[in-house]
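Dear colleague,

Please find below the structure that I am handing over to you, together with its sequence. My findings follow directly after it.

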Amino acid sequence: MRNDTDVFEDSRLQTTAFRRLLNASNSVGDAGETSVSVAAILLFYLTIFVFGSSALAAHCKGWPEPGVNWSECNKSRLMLAGADLEGANLFGANFTMTDLRDANLRFANLEKAKLVRASLDGASARKTTFARAEAYRASFVRFFAQDVSFEGAELQRADFSRADLVRVNFEKSELGRAKFGGAKLQDVHFSRANLSRADFSGASFAGFSKFDRSILFLTRIEGADLSAATGLQQSQIDTACGDADTKLPPGLSVPASWPCMFD
């Protein structure tokens, strides 16, 4: 079966051949012939453009199934609960307000995908990339993620409540006001992430989660056991909000008063 790659390769080869013919005709033709040739190649490129656009649109009509190619496709406001998208190419796809509850996203590529207000409750991901995805107010409640990357993702107000996150990379991500209540976090990487006003109250930490150079302005860490966390500095703790049950790594101390004012 021919795929999009085959189609565009044929178009490239045809364009190359046509250019050679045009050069040959121009080398022997007069001015009138050259004008005709220029018009012909403009028409040819227009045909290729329309044909290529149709091919791009065609791949977006595929059914949700393992390995489907929905790159750059508009899949917003759809009901895809329980969909099996294992190994799918979802690069740059638009899933705004789409229902992806309990979906299988293992080994899928969602780099630069748009997941604004999408629901991924109960979905599972393993070795999946959400790098640089836009997921404002997306719901990841009870989300299971193992060896997953959210590096550089926009996750403001995203909800990871009761999620199970194992070796998840949030480096350089925007997590302002994100919720992690009741989540289980093991070896999670928050280096250089913005965690301003994020809520970890009731979350459990295991392994060695990284917080080097992350922003913890008014970040809620009440009851959080961060004793094994790495990269934390006293200046970060001083701007966060904990309580008597918050546990810190050796060398760090509880502030005289926690700046716990929330709106």
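In this predicted model, D147 and R167 form a salt bridge, with 2.7 Å between the closest N and O atoms. D147 belongs to the loop between β2 and β3 (164-166), whereas R167 sits in the loop between β3 and β4, so the pair ties together parts that are 20 residues apart in sequence. Both residues are partly exposed: the relative accessibility is 26% for D147 and 35% for R167.

A salt bridge also links R192 to E171, at 2.7 Å from N to O. Here the loop between β4 and β5 contributes R192 and the loop between β3 and β4 contributes E171, so parts 21 residues apart in sequence are tied together. R192 is partly exposed at 37% relative accessibility, while E171, at 14%, counts as buried because the limit for that class is under 20%.

The side chains of R132 and E111 form a further salt bridge, at 2.1 Å from N to O. R132 is in the loop between β1 and β2 (144-146) and E111 in the loop between α2 (31-59) and β1, so this pair joins parts 21 residues apart in sequence. R132 is partly exposed, with a relative accessibility of 44%. The count of salt bridges comes to five.

As for the strands, five of them form an open, parallel sheet in the order β1-β2-β3-β4-β5. Its edge strands, β1 (124-126) and β5 (204-206), each pair on one side only. The twist from one strand to the next averages 5 degrees. Strand β4 (residues 184-186) is joined to β5 by three bridges, and L185 has F205 as its bridge partner in β5.

With kind regards

How values were computed
Residues numbered from 1 in each chain as written. Predicted model: local features only at pLDDT ≥ 70, side-chain atom pairs only at ≥ 80, totals over all residues. Heavy atoms only, no water. Pairing = 2+ DSSP bridges. Helix = DSSP H or I, 4+ residues; strand = E, 2+ residues; numbered from the N terminus. Axes fitted to C-alpha atoms, helices over the stretch in contact; angles between N-to-C directions. Salt bridge = Lys/Arg side-chain N within 4 Å of Asp/Glu carboxyl O. Buried < 20%, exposed > 50% of the residue type's maximum accessible area, 1.4 Å probe, protein only.
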